[in-house]
Amino acid sequence: MRKIIVGLALIGSIILSACGSSASAPATPETWTPPPTPTTPPAPTATPTPVRPALTTYTVQRGTIERRVELQGRVAAVGERELSFAVDGVVKAVYVTPDTEIARGQVLAELEAGELEDRLAQAKQQYTLAQQQLDRALGEMRFPLRRAEIDLEVARTALAQLLAPPDATKIAAARAALQQAEAARDRARNDASAVKTRAELALQQAQKRLIAAQAEFSAALYAAEQDKTNNSAQERLARAGDALRAAEEEVARLQIEYDTARNNEIAAVQAAEAQVMLAQTALDELLKGPDPLKVAEARRAVAVAELAVEQARSNIRVDPQLERAVEEAKQGFDDIRRQIEALKLVAGFDGRILAVNVAPGSVVRAGEPAFIALDPSVASDALEVLVTSSSAPLVAGQPVSISFARYPGVTYQGTVTSIPGSSSNGAAALSGYHIAYEPADLQLETGDAATVTVVLARREGVLWLPPKAIRADSRSYVLVQRGDRPERVDIQTGLTTQDRVEIVSGLNEGDVVIGQ
């Protein structure tokens, strides 16, 4: 009971103390408060120590670095040649089959020309027209000079006649000269007209032959298009094309002859008429006697005629635009003709077809073997390694290493003897790399697989690291452990392969770097 009373008193004392504090009452004596019951602190939780991953390190070593490339090839006869087109295209015709004997210069196949034939005809026509315009311009330039020269002769003659004393002999001669000039004029008219007429008739006949040639070409072209496999139709088309071109050239030539004859007729008649006028003037002047005014005028006429001759002579210049037009037209014609010739695959040697890899309508790429032929000028039992590629890093005379499937684990030495596009006997359109090997008496057969290894670059006694040890941002660098911290070290690299990178500067042999 006593304990209960004491506890109630203690509680009341605490309440009164709190109220007095909040009401700013006078402080009451501090009562005793029992000490708090001690509590046991919780046991500390063990924090695991982080485990640092093991770093991959690499040591800078000194050794040899080689960059190599491996090419797949096969064993082939030395006389075996792969023939390929020089351009891409669609095969139009194949003219040989396996075992066909071929001759140097023979067309083995050709690609579709497309619009090249039409472009060739247009280019030829443009070239012909440009040349005609140039020739016509030159003729027109020379004509004024000749006319000026005639005028000068007339002027000088007139002046001389004015200055000559009149006498019976000269008068008789002047009359005779007038008659002769008139006769010469008439003959010039007749002769020049006859020449022009003959040229015109020849031109008309040539034009008729051209029309006939065009008709024959159209018929031959229609027949060839109806049956493109008919060789006779193709031959007829070729002959018709040749005849058409010949007829066009003949018409162009005769047109030039006709134009020349017509121009010559004009010049001849004008010259003859000038002589008539000169003769008449001379006679009149002889009969009338020299007139001082006319003499002065004649002198001025001579001076003017001389100036005209000089001017006409200075005007004889080839128009640069006409010359350029002829050159450009000829260049265009030659370019298209070369493109058409490039569509033909021509044998570069006498031999025999072993295999045909193309057919009409198939698409071929430049450098791909279209035919395999045998060159009988080379021993048939001699073998070599053939690498079929158009962009291998090989040059003639380059040493290589060779391994054969028939001899696994053994490496032999070889030498590149020829590369695509070259041949010892001048054959054209060859493809593939031809490699001789040592020893030459290995028991191999055509078709055996071979691997050719080429060393592209080699460095001996250089420092190197594996690629995983190299880092890069704007520069190549590595991380080198310096005490507790990795330190960046910029480096300069050189030759790089799949497993080694040459260290040119920045590190020393034995340095240890941290990998990525």
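Q: Which residues are buried in α5?
A: In α5, V295, A298, V302, A305, V309 and A312 are buried, where buried means under 20% relative accessible area, exposed over 50% and partly exposed in between, with a 1.4 Å probe and protein chains only. An α-helix has 3.6 residues a turn, so residues three or four places apart point the same way. The model is predicted, so that local features need pLDDT of at least 70 and side-chain atom pairs count only at pLDDT 80 or more, while totals for chains, interfaces and linings use all residues. Residues are numbered from 1 along each chain as its sequence is written, and side-chain values use heavy atoms, with hydrogens and water left out.

Q: What covers the buried residues of α5?
A: The cover includes α2 (116–163); helices (H or I, at least four residues) and strands (E, at least two) are DSSP runs, numbered from the N terminus. In contact terms (heavy atoms within 4.5 Å), P144, L145, A148, E149, D151, L152, A155, R156, L159, L162 and L163 of α2 meet K294, V295, A298, R299, A301, V302, A305, E306, A308, V309, A312 and R313 of α5. The residues of this contact divide into 16 nonpolar, no polar and seven charged, with Ala, Val, Leu, Ile, Met, Phe, Trp, Tyr, Cys and Pro counted as nonpolar, Asp, Glu, Lys and Arg as charged, and the others, Gly among them, as polar.

Q: At what angle do the axes of α2 and α5 cross?
A: They cross at roughly 160 degrees and come within 8 Å, the axes being lines fitted to C-alpha atoms, for helices over the stretch in contact, and angles running from 0 to 180 degrees between N-to-C directions. The two helices are therefore roughly antiparallel to each other (over 145 degrees; under 35 is roughly parallel, 65 to 115 roughly perpendicular and the rest oblique). The crossing of α2 past α5 is left-handed, that is, the near helix is turned anticlockwise from the far one by less than a right angle, whereas clockwise would be right-handed.

Q: How do α3 and α4 pack?
A: Helix α3 (residues 168–226) and helix α4 (residues 231–288) have axes 7 Å apart, at an angle of about 165 degrees, which makes α3 roughly antiparallel to α4. Their contact residues divide into 39 nonpolar, eight polar and 16 charged, and α3 passes α4 in a left-handed crossing.

Q: What span should the 23 residues of α5 have?
A: The expected span is 1.5 Å times one less than the number of residues. For helix α5 (residues 292–314) this gives 33 Å, in agreement with its end C-alpha atoms, which are 33 Å apart. Helix α6 (residues 320–342), with 23 residues, reaches 32 Å from its first C-alpha to its last, close to the 33 Å expected.

Q: What do the buried residues of α6 pack against?
A: They pack against α2 and β7 (344–346), and L322, V326, A329, F333, D334, I336 and I340 are the buried residues in α6.

Q: Where is R62 found, and which residues is R62 in contact with?
A: R62 is found in strand β2 (residues 61–77) and is partly exposed, with a relative accessible area of 46%. Leaving aside its neighbours within four places in sequence, R62 is in contact with G461, V462, L463, W464 and E509. The C-alpha atoms of R62 and L463 are separated by 4.3 Å, although the two residues are 401 residues apart along the chain.
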